[in-house]
Each structure stands twice: as C-alpha cells, then as structure tokens.
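User: Could you take a close look at one part of this model for me? I would like to follow a single strand and what surrounds it.

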Amino acid sequence: TIIGDIFNGGIATSTIKYGLNKVNTISMGLAGTAATSTDAFGHYLVSQDLAVFGVDIAAGIAGNGNTIIGIFNSSSTNMFSTNPSIGNNATSSMGQTAANATTVLAGSFISANVSSTPSTPPIDLYLNINVYPLNYQYYQ
C-alpha cells in the first residue's frame, strides 16, 4: 500500500521517491464508556517532526450512533478536514485520512477529544494514528 500526501500536477515516475521505512503508528486509548471530553485520550509527546496521514479507530463495544473524535496538535489545530468518527454499531473505522500536508513538529504533542457521543456510547476506544518521520531519507 502506498500512502502519502496528494500529488500536485499528477504523477511523474521521474519524481516519485521511495522510502524503505514503514509508516509508524501512535496508539492512544480511552478505557471505559466514552463521554464528550477534552484531551480524553491524554497527550502524546512528539519526539521528531512527523507527517500525519490518517487514523484507524476501534471500539471494544460498539455504540448505537456516530462517535466523533477531534485529533489536534499542541497549537489546537485539528489535523483532519473532517473529524474522524466511528459509526453506528461499528467496532472499527479504518483509513480516515488527515488533511493534506499535515505535520506535527518535535516537542509538540498530539491530543484527542471526544466531540460527541450517541445515547449509548461505545466502550473502550482505540486510536492508531499513522505517521511518518520527516527525517527519514528516501531514494530516487
């Protein structure tokens, strides 16, 4: 699978760069019944500059409606054009993409809010945020 930001002006094979490293995953969890709250998943301190590509969400027990999650960097900038969510009676929602060219700098942090929950919210939420260190080298 190839992931990354949107190509501007189409794809030219002469300009594609290949990396030898896998995408890294930042895992965050929320134990218990989800409720609307700020910093519900705690903070993840970023140790190196990262490109953020997307998030996978899972629930131990599904809720009866959409649960919306806001994922932010330390300057309170939402990293997703549309807040990620996990749907009605769903236990997973995979491959939700971040806004194009989203980065988080070393020394800042990532936090996640529960923005809204249904009348029967999910229990035990898990986030896997897909990132790639910007200092990894690529080959031409």
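Analyst: Happy to. Contact here means heavy atoms within 4.5 Å, and the coordinates come from a predicted model. Let us follow strand β9, which covers residues 123-133, and begin with the sheet around it.

Four strands make up an open, antiparallel sheet, and their order is β2-β9-β4-β7. The edge positions belong to β2 and β7; each has a single partner strand, so one side of each lacks a neighbour in the sheet. On average, neighbouring strands of this sheet are turned by 20 degrees against each other, direction ignored. The antiparallel pair β4 and β7 is joined by seven bridges, and within that pairing Gly54 has Thr97 in β7 as its bridge partner.

Now to a residue on β9 itself. Asn130 lies in this strand. Is Asn130 buried or exposed? With a relative accessibility of 18%, Asn130 counts as buried, because the cut-off for buried is under 20%. Setting aside neighbours within four places in sequence, Asn130 is in contact with Val23, Asn24 and Thr25, and also with the run Ala51, Val52, Phe53, Gly54, Val55 and Asp56.

Leu127 is another residue worth a look. Not counting residues up to four places away in sequence, Leu127 touches Ile26, Ser27, Met28, Phe41, Val55, Asp56, Ile57, Ile69, Ile71 and Ala112.

Leu127 leads us to the largest nonpolar core, which has 27 residues. Those touching the most other members are Phe41, Ile69, Ile71, Ile110, Leu125, Leu127 and Ile129. At least two residues of this core come from each of β2 (24-33), β4 (50-61), β5, β7 (92-104), β8 and β9. The largest share, five residues, is supplied by β4. In soluble globular proteins, nonpolar side chains tend to be buried together.

Two of those contributors, β5 and β8, also pair with each other. Strand β5 (residues 67-73) runs antiparallel to β8, with six bridges between them, and Gly70 has Asn113 in β8 as its bridge partner. Strand β8 (residues 109-116) also pairs in the antiparallel sense with β3 (residues 43-45), over three bridges. There, Tyr44 stands opposite Ile110, a residue already met among those touching the most other core members.

Notes. Residues are numbered from 1 along each chain as its sequence is written. This is a predicted model: local features need pLDDT of at least 70, side-chain atom pairs count only at pLDDT 80 or more; totals for chains, interfaces and linings use all residues. Side-chain values use heavy atoms; hydrogens and water are left out. Two strands pair if DSSP finds at least two bridges between them. Buried means under 20% relative accessible area, exposed over 50%, partly exposed in between (1.4 Å probe, protein chains only). A nonpolar core is a set of buried Ala, Val, Leu, Ile, Met, Phe, Trp, Tyr and Cys residues joined through side-chain atoms within 4.5 Å. Axes are lines fitted to C-alpha atoms, for helices over the stretch in contact, and angles run from 0 to 180 degrees between N-to-C directions.
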